[in-house]
Amino acid sequence: MIAHVLMTAEERPTRTLRPPGRIRRRLGQGLLVVAGLLNVLPGAGAVSPAWARTAYGVDVTGANLETLMRHRAILLALVGVTIIVSAFRPHLRPAAVAINAASFGTFLLLVLTTPSLHQQVVRVAQVDAVALLVLSAGTALLASSPCGRRTTPVRERA
């Protein structure tokens, strides 16, 4: 104890609460969860078809269109759940990131190539653009984190 008091500032061991790699990993995981939640949110449309009117500004009329929209909501929720799970299961991450990026990206492409869309559909596309950026940032943080990369070598095929 006395020796510690007599040490100069340079000699004292430095203490950090968390190593930078761990912070990057936690932040990356958090961003993947946020991206997943943005994809899970439309899942409410499976329970409440009226939600589609509120979110997209379109009337879902008829049993056929209602069924298709509810199915779409379920698929989006499943896609969102994959990225949330992969935030904590790194071996699932490459496939989950690809699926989520494709989900966000294809909707953006459809909106960009379709003229005269309702303003609320464009707003949903803007949310998807932000979600794609969040997904990309989370993936980049996890790829740069020593805790987020594969530490065991891949076995070579004989």
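1. How many cavities of 30 Å³ or more does a search of the whole structure find? The search finds one. A cavity here is a set of points, on a 1 Å grid over the protein atoms alone, where a 1.4 Å probe fits but cannot get out. Rolling a probe the size of a water molecule over the atoms shows where empty space is left.

2. This is a predicted model, in which local features need pLDDT of at least 70 and side-chain atom pairs count only at pLDDT 80 or more, while totals for chains, interfaces and linings use all residues. Residues are numbered from 1 along each chain as its sequence is written, and side-chain values use heavy atoms, with hydrogens and water left out.

3. The protein has seven helices and zero strands, and its pattern along the sequence is α-α-α-α-α-α-α. Helices (H or I, at least four residues) and strands (E, at least two) are DSSP runs, numbered from the N terminus. Of the 158 residues, 28% are buried. Buried means under 20% relative accessible area, exposed means over 50%, and partly exposed is in between (1.4 Å probe, protein chains only).

4. The largest cavity has a volume of about 50 Å³, where a volume is the space filled by probe spheres set on the grid points, which are joined across faces, edges and corners. Its lining consists of Pro42, Gly45, Trp51, Ala52, Tyr56, Met69, Arg70, Arg72 and Ala73; lining residues have an atom within 4 Å of a point. The elements giving two or more residues to this lining are α4 (50-56) and α5 (63-86). The largest share, four residues, comes from α5.

5. By class, the lining of the largest cavity has six nonpolar, one polar and two charged residues. Ala, Val, Leu, Ile, Met, Phe, Trp, Tyr, Cys and Pro count as nonpolar, Asp, Glu, Lys and Arg as charged, and the others, Gly among them, as polar.

6. The largest pocket has a volume of about 340 Å³. A pocket is an open set of points with protein on both sides within 12 Å along at least five of seven lines. Its lining has 17 residues, and the closest to the centre of the pocket are Leu38, Pro42, Tyr56, Val124 and Asp128. At least two lining residues each come from α2 (20-40), α4, α5, α6 (93-113) and α7 (119-144). The lining of the largest pocket divides into eleven nonpolar, three polar and three charged residues.

7. Ser116 is in the loop between α6 and α7. Ser116 is not a glycine, yet has a positive phi of about 60°. Its relative accessibility is 77%, so Ser116 counts as exposed.

8. Two contacts along the chain can be checked in the model. Val47, in helix α3 (residues 44-47), is exposed at 74% relative accessibility. Val47 and Arg70 are 23 residues apart in sequence, and their C-alpha atoms are 7.5 Å apart. Gln120 lies in helix α7 and is partly exposed, with a relative accessible area of 24%. The C-alpha atoms of Gln120 and Val58 are separated by 8.6 Å, with the two residues 62 apart along the chain.
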